[in-house]
Amino acid sequence: MSVSEVRKLLRKDILFSGDFDKEIAYCIYEIAKRLVVPTLIYNKEETEKSIDAKLREKMKPVVYKAGQVIARPGDPITMEIYRVIQIINKERGAVNILSIVGSFFLILVIELILAFYIAKNLNIELTKLSNLLIIFSLVLVVAGLSYVVINIEDIKDKQVIYGLLIPSAIPSIVLFILFSKRLGAIIGLFISFYILLITNGNLESFTVAFSSVFLSLIGKRDVHRRSEAWRYSYNVFIGYAILSITFAIMHSYPLEALFRNLIIGALNSVMTGIIVIGLFPIYENLFDIPTNFKLLEFSDLSSPLMRELM
């Protein structure tokens, strides 16, 4: 009972009881009112600590595991489920931002290490800004695409192999033709281990990326026509097909999943060839690089340059 409630009771019992004269009753009430003082003092800090302790005792943490279904399509969404979805989305958004920033710095650090190794051990002039930009742009694009692919939901439910969705052979093919096979292998190896890292040790994705990189490097570097770059994509598709069949046997995938992986591998190979062929004119014009294609085009007697010289 509070002090104000006690004083109200005293006022009622003394002033309106009729047992005393009005003046005497008022004096008694005033004296009694002054004697009513709080016996407990409110301590805000201690009260909050006590409330927190009681809440911790009664509240049990709720753990949601990866892949756990919170709500199924068509089910009514209650306020409790809605709050859970809001909390998960908020946490996932914060984690994604940190993950993106961390991945970018990881790529930057490893590329600096690779640049130091290349400058010391390969005959490639990294003092040229154009060479550095070519290597960095290729790695950054494929690494960024890899990060996007692994965040696609429900891929595992469809039994799709992550590595088949990533054109990991593109940097190796371009660097092989522009510079050297060894540089293509080094960058390809980095891409493969990066995919292994961001997929939390998914060996299937690593095997697909690793195989596609080194299969794309089979053959000679003397490519005379842009269309001849397709031959590297053929090797990549053969590797994708063999690995898709192998993983289907290992994990007892149904035929539907096998055909899906084969189609994805074929599309990946085609897109790899198209992108590789499309990148050469960009790098040639942007950085003024004298590729074999460009030199052979200039040496063609029917080219405008040769006509002017003749």
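## Salt bridge

By the rule applied here, in which a side-chain nitrogen of Lys or Arg must lie within 4 Å of a carboxyl oxygen of Asp or Glu, the count comes to 1 salt bridge. The model is a predicted one, in which local features need pLDDT of at least 70, side-chain atom pairs count only at pLDDT 80 or more, and totals for chains, interfaces and linings use all residues. Residues are numbered from 1 along each chain as its sequence is written, and side-chain values use heavy atoms, with hydrogens and water left out.

The salt bridge joins E256 to R260, with 3.2 Å between the closest N and O atoms. Both E256 and R260 belong to helix α10, where they are 4 residues apart, about one turn of the helix. With buried meaning under 20% relative accessible area, exposed over 50% and partly exposed in between (1.4 Å probe, protein chains only), E256 counts as exposed at 57% relative accessibility, whereas R260 counts as partly exposed at 27%.

## Overall make-up

The protein has 12 helices and 0 strands, these elements being DSSP runs numbered from the N terminus (helices H or I, at least four residues; strands E, at least two). Read along the sequence, the pattern is α-α-α-α-α-α-α-α-α-α-α-α.

Of the 310 residues of the protein, 35% count as buried. Where contact means heavy atoms within 4.5 Å, residues 24 or more positions apart account for 68% of the contacts with a separation of 6 or more. A separate pair, L108 and L140, is 32 residues apart in sequence and 8.8 Å apart in space, C-alpha to C-alpha. L108 has its place in helix α4 (residues 79–121) and is partly exposed, with a relative accessible area of 30%.

## Nonpolar core

A nonpolar core is taken as a set of buried Ala, Val, Leu, Ile, Met, Phe, Trp, Tyr and Cys residues joined through side-chain atoms within 4.5 Å. The largest such core holds 47 residues, of which I134, L138, V174, L175, L178 and Y283 touch the most other members. Two or more residues are given to this core by each of α5 (129–150), α6 (170–178), α7 (181–198), α8 (203–216), α9 (230–251) and α10 (255–287), and the largest share, 9 residues, comes from α5.

Leaving aside its neighbours within four places in sequence, Y283 is in contact with I134, S137, L138, V174, L178, D288 and I289.

## Helix packing

Two packed helices are described by the angle between their axes and the distance between the axes. Here the axes are lines fitted to C-alpha atoms, for helices over the stretch in contact, and angles run from 0 to 180 degrees between N-to-C directions. Angles under 35 degrees count as roughly parallel, over 145 as roughly antiparallel, 65 to 115 as roughly perpendicular and the rest as oblique. A crossing is left-handed if the near helix is turned anticlockwise from the far one by less than a right angle, and right-handed if clockwise.

The axes of α6 and α7 come within 7 Å and cross at roughly 160°, which makes α6 roughly antiparallel to α7. The crossing of α6 and α7 is right-handed, and the contact is made by residues including P171, L175 and F176 of α6 and L183, G184 and I187 of α7. The axes of α9 and α10 are 9 Å apart, and these helices pack at an angle of about 160°; α9 and α10 are therefore roughly antiparallel to each other. The crossing of α9 and α10 is right-handed, with contact residues including W230, F237 and Y240 of α9 and L262, G265 and I277 of α10.
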